[in-house]
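I opened this notebook to record what I looked up in the structure. The entries follow the order in which I worked.

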Amino acid sequence: STSDPYAVVAVKLASGKVKKEKTPVVTKKLNPVWEKKLEFRLDEKELPQLEVEVLDHDTVSADDSLGAAAFPFPHLPGDHPWQLFLRGPQAQGFVRVTVS
């Protein structure tokens with residue numbers, strides 16, 4: 001069995017505002033590699049939270065969630081990769097994220 005995964009990366013600000021970016025779909029892969037740089041301009045006073053959800057793209061029905069992870073930015077020091085372990089009914093594995 002294969003998936004057509006993509007990730008939605010969201011930065012939730014203390015004000016309630018949400019900034020989102022999406023990776024491209026990687027077809028027929030169970031262990032996708034995106035190597036995608038997403039940029040979010042933030043003020044340090046905004047105390048954002050990073051959320052990543054991996055979904056399986058489906059052309060016929062709604063996309064299925066493969067898992068999600070969320071972490072407050074103060075717990076994600078920059079310039080080295082962090083492994084965010086996915087949670088959810090179908091979740092397996094992790095997403096590697098570097099914050100700089």
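Predicted model: local features only at pLDDT ≥ 70, side-chain atom pairs only at ≥ 80, totals over all residues.

The entries below concern a sheet, one of its strands, a charged residue and a nonpolar core.

Entry 1: I looked up the strand order and found an open sheet of 4 strands, arranged β2-β1-β3-β4 with antiparallel pairing. Strands β2 and β4 (64-72) form the edges, each pairing on one side only. I recorded an average twist of 15° from one strand to the next.

**Entry 2: strand β1.** I asked how many of the 8 residues of strand β1 are buried. The count is 7, so β1 (residues 5-12) is largely enclosed by the rest of the structure.

I then listed the partners of β1. Toward strand β3 (residues 49-56) I found 8 bridges, with the two strands running antiparallel. Within this pairing, Tyr6 stands opposite Leu55 of β3. Toward strand β2 (residues 18-22) I found 5 bridges, also in the antiparallel sense. Here Val9 has Glu21 as its bridge partner, and Ala10 has Lys20.

**Entry 3: Asp56.** I located Asp56 in strand β3. What is the nearest side chain of opposite charge to Asp56, and how far away is it? I found Lys28, at 11 Å. Asp56 is thus recorded as buried yet without a salt bridge, the cut-off for which is 4 Å. Setting aside residues up to four places away in sequence, I listed its contacts as Ser3, Asp4, Pro5, Tyr6, Asp63, Asp64 and Leu66. Tyr6, the residue opposite Leu55, is therefore also one of the residues that Asp56 touches, contact being taken as heavy atoms within 4.5 Å.

**Entry 4: the nonpolar core.** I looked up the largest nonpolar core, which has 15 residues. Leu50, Val52, Val54, Leu84, Val95 and Val97 touch the most other members. Strands β1, β3, β4 and β6 (94-98) each supply at least two residues of this core.

**Entry 5: Val52.** Leaving aside neighbours within four places in sequence, Val52 is in contact with Ala7, Val8, Val9, Gly67, Ala68, Ala69, Leu84, Val95 and Val97. Among them, Leu84, Val95 and Val97 are also listed with Val52 as core members touching the most others.

Technical notes:
Residues numbered from 1 in each chain as written. Heavy atoms only, no water. Buried < 20%, exposed > 50% of the residue type's maximum accessible area, 1.4 Å probe, protein only. Pairing = 2+ DSSP bridges. Lys, Arg positive; Asp, Glu negative; His and termini not counted. Axes fitted to C-alpha atoms, helices over the stretch in contact; angles between N-to-C directions. Core = buried A, V, L, I, M, F, W, Y, C linked by side-chain atoms within 4.5 Å.
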